[in-house]
Amino acid sequence: MSGSTPELPIVVLDALMPTAQRLVLNRRGSMVWEVEGPRGRHAVKVGYPIEATADWPAQPWTALAPAREGAVLYSLGFADFAYGEWERGTWNFQPWRAGPDLYRLWEPCRGPDSSVAPHTSVALGCVEALAELHAKGWAHGDVQPAHFIVGPERTHLIDLALARGGRVPEAYDFPFRGCLVHYEAPEIARSVLATGEAEPAQEADVYALGASLLISATGWRAVEYPDDAPRLVQREAVANGLRRAMKAPGELGKLIDAMLSHAPEDRPTIYEVGKALS
């Protein structure tokens, strides 16, 4: 993709007939556009394989991720979306979710000597979005602050390409190899270190949400390792439970501590988290 201006696949152009389009992201095997047209405002995701470099192994699965997410959206009963294949991989489009993400919304809390406390109503909105997914028997697998979009009416949990809990067509499926390590639960990290793969679980989602709330409220990761540490070192620190001595302010701090418990059975369920915040 380097060296050329990315373009939307023809099949997407035919379906959405854009009057305006903006490339939001193009990195690591994924392109995301914001598209406006007669059908409204949509997010368009296009996947392509990552070729091996000196710093990054080949990742052919990135080409399948948009279609896998489309299959998950179908299983969950979502509306106004579609997915399919293009010459280099797969694509999907879905409604555009407007609003800041959790990390951006809580930026004032992280300022030097800030007296702005993180609103529990925002945390509750994130909990409710994740609880909705868990109630349908699914685990997200990639919970992180950027995936909670705080809209004017509700919070949306986005990026479901790694979710597990229902049937996904074999042609678009691929193993779960962990997620962004800052938000990876210890049991996921241990499994990836041991076998290269893991199984997303709702308990791991609760841990990831706790880590997301902590870093959004304080600016600090839940686990301590050097900023420039290789991914293997990061994952080993997570697996070993090297928690940072950092708490979010107030009652939220105690709740996040419980969510970040090393053993999954010691964590509250997402419903218990919601009850505590209510």
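Predicted model: local features only at pLDDT ≥ 70, side-chain atom pairs only at ≥ 80, totals over all residues.
Residues are numbered from 1 along each chain as its sequence is written, and side-chain values use heavy atoms, without hydrogens or water. Local features need pLDDT of at least 70 and side-chain atom pairs count only at pLDDT 80 or more, whereas totals for chains, interfaces and linings use all residues.

The chain holds nine helices and seven strands, taken as DSSP runs (H or I, at least four residues, for helices; E, at least two, for strands) and numbered from the N terminus. Its radius of gyration is 19 Å, close to the 19 Å of the globule rule for 278 residues, so the chain is as compact as a globular protein of that length; the radius is taken over C-alpha atoms, and the rule is 2.2 Å times the number of residues to the power 0.38. The C-alpha trace spans about 50 × 40 × 35 Å along its principal axes.

Turning to the interior, 50% of the 278 residues count as buried, that is, under 20% relative accessible area with a 1.4 Å probe, protein chains only. A nonpolar core here is a set of buried Ala, Val, Leu, Ile, Met, Phe, Trp, Tyr and Cys residues joined through side-chain atoms within 4.5 Å. The largest such core has 63 residues, of which Trp-106, Leu-209, Leu-213 and Leu-277 touch the most other members. Helix H6 (202–218) is among the elements that supply at least two residues, and H6 gives the most, with ten. Beyond four places in sequence, Leu-213 is in contact with Leu-102, Trp-106, Ala-123, Ile-256 and Met-259, contact meaning heavy atoms within 4.5 Å. Another core, of twelve residues, lies apart from the largest one and includes Leu-8, Leu-16, Met-31 and Trp-86.
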